[in-house]
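Student: I've got the model open and want to check the labels against their cut-offs. Can we go through them together?

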Amino acid sequence: MNGKREKTNAHGAGRILSYEPLKVHCDACDHDFNSWESFGRHVDKIVDKPADTRREAVMDVLADHLGDIGMEDGWDDPQVTPDGSIKCGCLTEFPDITAWRAHLAQAILDNIDASKEGNEAREMDE
């Protein structure tokens, strides 16, 4: 599972197991939570967790910015808008292909730097 959208889709649909006391179940993790708030913190933690490896960091960026093959959600990610700009899978628009490619490159570099493997490599250089 890669990217924020995919992780949110997998974990973001909690099921209520009981109302008194409230029990919310995460099917993706098979864990139960005592409130929607604790379930939400669980999802936030998974979605915001930095990648462990550089490869995973790149895969997360590709998933978030290029989307899925096909049109499962009604959009073909990314896309050219009617005015000719490029709409990235992250929903940001760019005036041309060069600006979009620069955006992808920077997102990849930023995510690699934020990964655990990227942090370890920087620490070794220091």
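Tutor: Strands are DSSP runs of E with at least two residues, helices are runs of H or I with at least four, and both are numbered from the N terminus. This is a predicted model, where local features need pLDDT of at least 70 and side-chain atom pairs count only at pLDDT 80 or more, while totals for chains, interfaces and linings use all residues. Residues are numbered from 1 along each chain as its sequence is written, and side-chain values use heavy atoms, without hydrogens and water.

Student: What makes β4 and β5 a pair?

Tutor: β4 and β5 (residues 86-87) share 2 bridges in the antiparallel sense, and the definition asks for at least two, so they pair. Q79 stands opposite K87 in β5.

Student: Which strands are the edges?

Tutor: The open sheet runs β4-β5-β6, with antiparallel pairing. β4 (79-80) and β6 (93-94) each pair on one side only, which puts them at the edges.

Student: Why is D125 called exposed?

Tutor: Exposed means over 50% relative accessible area (1.4 Å probe, protein chains only), buried under 20%, and partly exposed in between. D125 has 70% relative accessibility, so it counts as exposed. D125 sits in helix α5 (residues 116-125).

Student: And Y19: buried or exposed?

Tutor: Exposed, because its relative accessibility is 61%. Y19 belongs to strand β1 (residues 15-19).
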